[in-house]
Amino acid sequence: MKKALLFLFIMLCAMSFNAQTIYESFESRKLNATRDLKIRLPNNYDPSSNLKYPVILVFDGDYLFEPVVGQVAFQTYFDKMPEAIVVGLIQGKDRFYDAYHDEVTGLPIEFGARFYEFISTELIPHLDRTYKTSKFKVAVGHDLMANFMNAFLLKEDPIFKAYVNLSPDYKGEMDDNISGRLKWLKEDIFYYMVTSGDDVASLRNGILDANQKLKQIDNKALKYYFEDFEGHSHYTLVTGGLSQALDKIFELYKPISDREFKEDILTYEGTLDTYISKRYKKIEDLFGITKPISEDEFEKIVKAAEQRNDLASLEKIGKLANKQDPTTSYGTYYMALHAERIGKTKRAKKLYETALDLESTPHINKDLILLKVEGLTLAGDDKESDID
């Protein structure tokens, strides 16, 4: 199984470096220099479409771009994250100057400050103008560049909503700056940090100290994740770290998990159409993606309603499904099921018959609906006169 997944991963990586990868030279006034970019667009990217995509900005794009693109290809293949625009920033010999910082605060100064301005006032606006970008942007950095990118977090309205810190080399008071800022967040921020047992000792010690501070922060707006791998070096931790980071950052995008079903849905105070609507509205607000509620998700919500003996939710879920897609049968089927459960058999039969004329779905097909109609016919209509 592992060999099969590895082969699939290699194939996806190979497929991802096709014509959709753009090589661009960007002239910066802030730096008075030209910077090279590698930009990977989604496979079905259409500049005329209304679809927008999260942006993953990869510092150290010289060597990190390809691992990020490969991991994005892998996870989007299984619909574990949305398609995204990946931008690799080639730094090469300029890396030391890009990361130039104050030894006390750890914040960018001099050339580092100009590089910061280049990112915030030139590169990001350029990407937003040129491509179909959403407001959700992810920063990925390794050791020294991870320290640098954390400076964006200290702004009132950070450009980046997610930070993937791969063995960060925290400088000066940067870890204190971060923990102080994260306490007062008002909007969701995802913060991922990884080290390993065989990481560079000085970096590992600083990361463990930072983790002690960050894990004590009590703020619902902060989504903090920490990994401590075994048997990985400062470099080999990158692949596993990227996998875990993207998996956790885009957890909300994924289908409803068993944990969410048991802990959040079954215990939800209110009707479940509200729960699922809010869940998908948050996906839209957070990632800038309009994602229709799948039939599988509707089925899970209906299952939860039945376990809760929540007939009010059952009817409202049917109405919500019909509103989203009136051409398919499952919304009308749920409404018919609700009517049947509350004893309104005439209404139930009429709704089932209506569902027969609609498009079948994997879960709700015509054979299933016919069984319902026949069952109600054999049972006989009740004396109910009001079928509205």
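Trainee: Is Ser-196 buried or exposed?

Mentor: In this predicted model, Ser-196 is buried, with a relative accessible area of 0%, and its place is in strand β7.

Trainee: Okay, and what does Ser-196 contact, if we leave aside its neighbours within four places in sequence?

Mentor: With those neighbours set aside, Ser-196 is in contact with Arg-204, Asp-228, Phe-229, His-232, Ser-233 and Leu-237. For one of these residues there is also a polar detail, as a polar atom of the Ser-196 side chain lies 2.6 Å from the backbone oxygen of His-232.

Trainee: Which strand pairs with β7, in what sense, and over how many bridges?

Mentor: Strand β7, which covers residues 189-198, pairs with β8 in the parallel sense over 9 bridges. If you want a place to look at that pairing, find Ile-189, which stands opposite Leu-222 in β8.

Trainee: What about the whole sheet, what's the order of the strands?

Mentor: It is an open sheet of 8 strands with mixed pairing, and the order is β1-β2-β4-β3-β5-β6-β7-β8. The edges are taken by β1 (21-28) and β8 (222-233), and because each has a single partner strand, one side of each is left without a neighbour in the sheet. On average, neighbouring strands of this sheet are turned by 20° against each other, with direction ignored.

Trainee: And at the other end, how do β1 and β2 pair?

Mentor: Those two strands pair in the antiparallel sense over 8 bridges, and Glu-27 stands opposite Thr-34 in β2. Their hairpin has 4 residues between the strands, and there Asn-32 takes a positive phi near 55°.

Trainee: Which strands does helix α2 lie across?

Mentor: Helix α2, residues 61-77, lies across β1, β2, β3, β4, β5 and β6, and it runs at about 165° to β4.

Trainee: Switching topic, where is Asp-143?

Mentor: Asp-143 lies in the loop between β5 and α5. Although it is in a loop, Asp-143 is buried, with a relative accessible area of 11%.

Trainee: Now helices. Which residues of α6 are buried?

Mentor: In helix α6, residues 174-182, the buried ones are Met-174, Asp-175, Ile-178, Ser-179, Arg-181 and Leu-182. These residues cover an arc of only 165° around the axis, which puts them on the same side of α6. Among the elements that cover them are α5, β7, α7 and β8.

Trainee: How about α8, which residues are buried in that one?

Mentor: In α8 they are Leu-237, Val-238, Gly-241, Leu-242, Ala-245, Leu-246 and Ile-249. Seen down the axis of α8, they fall within an arc of 145°, so they line one face of the helix. As background, an α-helix has 3.6 residues a turn, so residues three or four places apart point the same way.

Trainee: And how far does α8 reach from end to end?

Mentor: Helix α8 has 13 residues and reaches 18 Å from its first C-alpha to its last, close to the 18 Å expected at 1.5 Å a residue.

Trainee: I also marked Asn-211. Which residues does it touch, not counting those up to four places away?

Mentor: Asn-211 touches Met-193, Tyr-224 and Phe-226. Its place is in helix α7, and it is buried, with a relative accessible area of 8%.

Trainee: Last one, what about the chain as a whole, how many helices and strands are there?

Mentor: The chain has 15 helices and 8 strands, and 51% of its 388 residues count as buried. Its C-alpha atoms fill a box of roughly 85 × 45 × 45 Å along the principal axes. Of the contacts with a separation of 6 or more, 72% come from residues 24 or more positions apart.

Notes: Residues are numbered from 1 along each chain as its sequence is written. This is a predicted model: local features need pLDDT of at least 70, side-chain atom pairs count only at pLDDT 80 or more; totals for chains, interfaces and linings use all residues. Side-chain values use heavy atoms; hydrogens and water are left out. Two strands pair if DSSP finds at least two bridges between them. Axes are lines fitted to C-alpha atoms, for helices over the stretch in contact, and angles run from 0 to 180 degrees between N-to-C directions. Contact means heavy atoms within 4.5 Å. Buried means under 20% relative accessible area, exposed over 50%, partly exposed in between (1.4 Å probe, protein chains only). The arc is that of the directions from the helix axis to the C-beta atoms. The expected span of a helix is 1.5 Å times one less than its number of residues. A polar contact is a pair of N or O atoms within 3.5 Å; within protein, one must be able to donate a hydrogen and the other to accept it, and residues adjacent in sequence count only if both atoms are side-chain atoms.
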